[in-house]
Amino acid sequence: TDVKNKVNEILNNTINIGNDQINQLKVLPKGGLKGLMYYKTSIAQRFKIKITIDISIKENGILYKLSKKKINELTKILGIYYDNAIEAAKDCRNKNILIEIYELKDKVNIVISNTFKKESIIKGKNKKGVSSKGNGRGYGLYFANKIIYNNNWIQTKQEIIDNYYIETITILKNTSKK
């Protein structure tokens, strides 16, 4: 009955996101990646986070040509990073997340920028079980880093610019056929 209750809860919480976000997200390839982006965006908006999405990819471009296995790996990483951005932004006075997805000649960049409280950045955040959110947390970045380590077609970079934590995921075209 726990599963039934959870399904009913999900069905009762309708996804309600703005037209600007819908128009941007609809250019993503059909499937898990697009579904994840719709779902996480709706969760962020429940926390009154201002979401700005800017997607500039080619139809039938690099994202469209990734294998199902690679889309699954990318979706796991993106889900972890989007969750972390929501967690960080919801505790701020200015709750902002900016998501940019753009295709260059031989790669796609997915950039998630979010406001955060300076004290929430901790050393060793990529280690198993390390979290600023208490016990039983801290497995997301560890899991994401294991996926990244095992896939040469994906790279990540983290930086802080002004009051934004910026996570960049780069998908490389030249290794995307494997």
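# A chat about salt bridges, sheet and core

Visitor: Which side chain does Glu73 meet in a salt bridge?

Guide: In this predicted model, the side chain of Glu73 meets that of Lys76, with 3.5 Å from N to O.

Visitor: Where do Glu73 and Lys76 sit, and what separates them?

Guide: Both are in helix α5, and because they are three residues apart there, about one helical turn separates them.

Visitor: Is Glu73 buried or exposed? What about Lys76?

Guide: Glu73 counts as buried, at 14% relative accessibility. Lys76 is partly exposed, at 39%.

Visitor: How many salt bridges does the structure hold?

Guide: Five. One of them joins Lys58 and Glu103, whose closest N and O atoms are 4.0 Å apart.

Visitor: Which parts does that one tie together?

Guide: Lys58 lies in the loop between β1 and α4, while Glu103 belongs to strand β2, so the bridge ties together parts 45 residues apart in sequence. Lys58 is partly exposed, with a relative accessible area of 47%, whereas Glu103 is buried at 14%.

Visitor: And what does Lys157 pair with?

Guide: Lys157 forms a salt bridge with Glu159, at 3.5 Å from N to O. Lys157 is partly exposed at 44%, and Glu159 is partly exposed too, at 29%.

Visitor: New topic, the sheet. What order do the strands come in?

Guide: The order is β1-β2-β3-β5-β4, five strands in an open sheet with mixed pairing.

Visitor: Which strands stand at the edges?

Guide: β1 (50–56) and β4 (154–161) do; each has a single partner strand, so one side of each has no neighbour in the sheet. On average, neighbouring strands are turned by 10° against each other, direction ignored.

Visitor: How many bridges join β1 to β2?

Guide: Seven, and the two strands run parallel. Within β2, Ile97 is the residue opposite Ile51.

Visitor: What lies across the sheet strands?

Guide: Helix α5 (residues 68–89) lies across β1, β2, β3, β4 and β5, at about 20° to β3.

Visitor: Take Ile101. What is Ile101 in contact with?

Guide: Setting aside neighbours within four places in sequence, the contacts of Ile101 include Leu28, Ile55, Leu63, Val108 and Ile110. Asp54 and Asn109 are also among them.

Visitor: How many aromatic pairs does a search of the whole structure find?

Guide: One. The rings of Phe116 and Tyr165 have centres 6.3 Å apart and planes at 80°, so they are edge-to-face.

Visitor: Where are Phe116 and Tyr165 in the chain?

Guide: Phe116 is in the loop between β3 (107–115) and α6 (140–149), and Tyr165 is in strand β5 (residues 164–172), 49 residues apart. Phe116 is buried at 9% relative accessibility, and Tyr165 is buried at 13%.

Visitor: Last one, Leu172. Which strand is Leu172 found in? Is Leu172 buried or exposed?

Guide: Leu172 is in strand β5. Leu172 counts as buried, since its relative accessibility is 18% and the limit for buried is under 20%.

Visitor: What does Leu172 touch?

Guide: Beyond residues up to four places away in sequence, Leu172 touches Asp106, Lys107, Asn152, Trp153 and Gln155. Leu172 and Asp106 are 66 residues apart in sequence, with 6.4 Å between their C-alpha atoms.

Note on methods: Residues are numbered from 1 along each chain as its sequence is written. This is a predicted model: local features need pLDDT of at least 70, side-chain atom pairs count only at pLDDT 80 or more; totals for chains, interfaces and linings use all residues. Side-chain values use heavy atoms; hydrogens and water are left out. Rings of Phe, Tyr and Trp (its six-membered ring) pair if their centres lie within 6.5 Å; planes under 30 degrees apart count as stacked, over 60 as edge-to-face and the rest as tilted. Helices (H or I, at least four residues) and strands (E, at least two) are DSSP runs, numbered from the N terminus. Buried means under 20% relative accessible area, exposed over 50%, partly exposed in between (1.4 Å probe, protein chains only). Two strands pair if DSSP finds at least two bridges between them. Axes are lines fitted to C-alpha atoms, for helices over the stretch in contact, and angles run from 0 to 180 degrees between N-to-C directions. Contact means heavy atoms within 4.5 Å.
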